[in-house]
Amino acid sequence: MLHIKIIQCKNLRNLDRMGIRNVTTLFGRKCDKSDPYVTAFLEDYRLLKTRYIEDDLDPKFNEDFYCPVGHCTNGITFCVKDKDLVRDECLGKYFLPVSELIRTVDKKDIEADSSLVEGDLKRVGLHKVVYLDKKKDYGTLEFFVEFIPVRMLANTMEVPGTYFKHTQGNSVKLYMNADDDGSSPLVKYGSDDKVWKPPRLWRDIYDAVCNAKIFVYMVGWSIDTDQYLLRGDELQKALDNGGYNPQIGPLLKQKSEENVQVNLMQWDDYSSGIMFPGMMKTYDEKTRTYFKNSLVNAAFMNMIGGETNTLLEGQMKKMSFTHHQKFIIMDAPKKNGEGRELLAFIGGIDLTEGRWDNQKHPLFRTLRSNHRGDVYGKCFRNSKEHGPRQPWHDIHSAVRGPEAIHLVQAFEERWTKQADATKLVNLKLKGLLDEGKLDNSGRWCCQLSRSIDSRVNVFDRSIEQSFSSSDIESYDWSTVRDKTTKLSRRFDTASNAVVSYGRCLDQKKGRLVDTSIHNTNIHYIRRAKHFIYIESQYFMGSSFMWSKDSHVKCGNMIAAELTLKICQKIAAREPFTVYILLPMWMEGIPAAGATQGLLHWQRVTIEAMHQEVQKALDARMANSADYGLKVSDYLNFYCLGTRETEQGSEATAVPETEDEKVLSKTRRHQIYIHSKMMIVDDEVALIGTANINQRSLDGCRDSEIMMTSWQPDHLATNDSIPNGDIHAFRLHVWAAITNQMDDAFRNPSSPECAKAFNKIAERNWEKYIGEETVDMDSHLLPSPFEFDGGKLMARKGLKDGCFTDTKAPVLGKQSVIFPEIFLT
């Protein structure tokens, strides 16, 4: 990590004296001095950007930045710029070679501390006052920077330096899909062979809303009031009983009419209107109309451009970026029946069209029964009457206990910023925010994280006021002779002392930004000892690794951190495997420009990972007796798919479109991966709404939320993984997608497990692309691309390198219409 403090500049040049801003601003105030701000880059990757200060040649910034890094770089470039109306101008630069920040543990350090290892990196800090462009008349920049190695950062289970601290005593449930019918192979786990009993998400949400007496807070990207939380016999029974309606809209109205405060917060799709459902078809206008003049407080919120955006940029941000959070909170009876407490649901599943599914993933057989009125598909041009429907795989979670208080806070901070704060319930008066009164019998620790900024969120002022700027005089400095600087001094230490954070929020252009989802993912990847399992709807980032287009602002570090972890394990000759489950292609017609653009950026990300892992394998095989090692021994990508014979089909229409004619014969479809989950070493589960892309992890694009959960009694060691509930849940997911419970799954870092998983996927692939239509009850497939040792290629067996039943290239194509900031 780089901790950088931009302190101040002095005697900067005045580039505004003869410029357009010399006359007046729009407000009539004279402006005849530069308006400086500072940026820092590692090559094309921007580390930081300060606020700009108007009309000041001696600006004092005093801004701290904590920047995770894992880059191959020559150094840091600091640039002081003048904010201008037309084009920002450079006031001067300074390049700091990375060699000045690298010091290693030597024998002298080991004599002082025998736990140290020779060659390990030290913590190194620099304090400099430098001449911009090495010219005294260009002014000076004063900064502090310290490099903190990973071994000093990933020592704790909880993520340090974040807005929400971890809580203890929670009860957590883990869900696969909106419904789980229990038909997957049995999973036994633990020393006493406990049997995993899968909970059912939409059933539990329905029961929880029915039981609420005080409030229901609901947050969604899309909420469809027409959808039913129950299906089949359960739906009919609920309707016959005349109790609470399982349909989302009527259910929320019923609860609001019982004096339960129902507050609904949904993304306002800026492209939608009365006559047009919007590009994303999130039903915001439909929901707005449905709850109009009701007791349900429905608020619709769009994203907001910054004060530095032009009018056009602001409008594009509203249209292009989304509120993507999905969580529900309500009061619930305590398990012992004495009083009430908080219950929350958080994860990837929206309460909207197409999400209800189970591990059977039917295509045609439920069109007029369980999926009547809910036949959804965006991957082909086909009708609801003909099908197939688009199968859906997703992950969610629920929590009781202190962590639910943090979810209330997250709701209230967004609602207060963009809705009517008087509609919030005083839950403190109701006794629901008193941690001491909650049922703290659960044995789970949890920690909330977000991607969001101060344009759409009101951060706790008491937390803001606790921020402290680094006291650089507290370090043990040694002066460094450097004729090119006005001041240069250094400190270094090999000690593993706890790293303190002066602030728990990042900042960008002076705005507060919560990027803790990104930091949390990095933290647990760095802690990983044995394996990592990921499910994500998108996978792109670490553009600084790409062979070209490294300037693209898609710099999230997840792909790079995974790659570094694998390469470290290869060099150490330790077993380690990463399993990543993605959609076959992103939702949309696969040949469309946007979908092809998404596939392109995902392909260059995955290709860069493979290339770096291959280099590590080549180096190991060149310097040892090991041979025949493959990237797939350590890194594998998968997707899901299914096929269905005509038996039991409920399709009623005659095929008309070209897609319908093809699909009526091949009867296959990808199972769409919408999950946002990472499981590390079976000791920790990260479940939320954030995909692995820049939109989700940036903090200033889409708003996201995630809950990290672990059981302190079930942590990994250097020799073994735990066998608690996270272990059981991961086994259940694998049993569901493969339709078998292979004993090799219990040790996912082993070569045997990776080989077993890949063998199942390859066997299923032959069924999926084969001429014969069969019923598939095992859905795991290899990704539609493969690595040839140098680059990614479409998997063998795909005609012309295109997805089955399409003319869409698997590898994608860079879009000339859609800017990368929208696609990445």
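## Strands β1 and β8

In this predicted model, strand β1 (residues 2-10) lines up with strand β8 (residues 140-147), and eight bridges join the two. They run antiparallel.

How much of β1 is buried? Eight of its nine residues are, so the strand is mostly covered.

## The other neighbour, and the whole sheet

β1 also pairs with β4, again in the antiparallel sense, this time over six bridges. Here Ile-4 is the residue facing Phe-65 in β4.

Zoom out and you get an open sheet of six strands, with antiparallel pairing and the order β4-β1-β8-β7-β21-β20. The edges are β4 (60-67) and β20 (478-479), each of which pairs on one side only. As a reminder, strands of a sheet pair through backbone hydrogen bonds.

Now for Gln-507, which belongs to strand β22 (residues 506-508). Is this residue buried or exposed? Its relative accessible area is 13%, and because buried means under 20%, Gln-507 counts as buried.

What does the side chain of Gln-507 reach? It gets to the backbone oxygen of Asp-64, at 2.9 Å. Leaving aside residues up to four places away in sequence, Gln-507 touches Lys-49, Glu-63, Asp-64, Phe-65 and Val-513. Phe-65 in that list is also the residue that stands opposite Ile-4, while β4, the edge strand, spans 60-67.

Notes. Residues are numbered from 1 along each chain as its sequence is written. This is a predicted model: local features need pLDDT of at least 70, side-chain atom pairs count only at pLDDT 80 or more; totals for chains, interfaces and linings use all residues. Side-chain values use heavy atoms; hydrogens and water are left out. Helices (H or I, at least four residues) and strands (E, at least two) are DSSP runs, numbered from the N terminus. Buried means under 20% relative accessible area, exposed over 50%, partly exposed in between (1.4 Å probe, protein chains only). A polar contact is a pair of N or O atoms within 3.5 Å; within protein, one must be able to donate a hydrogen and the other to accept it, and residues adjacent in sequence count only if both atoms are side-chain atoms. Contact means heavy atoms within 4.5 Å. Two strands pair if DSSP finds at least two bridges between them.
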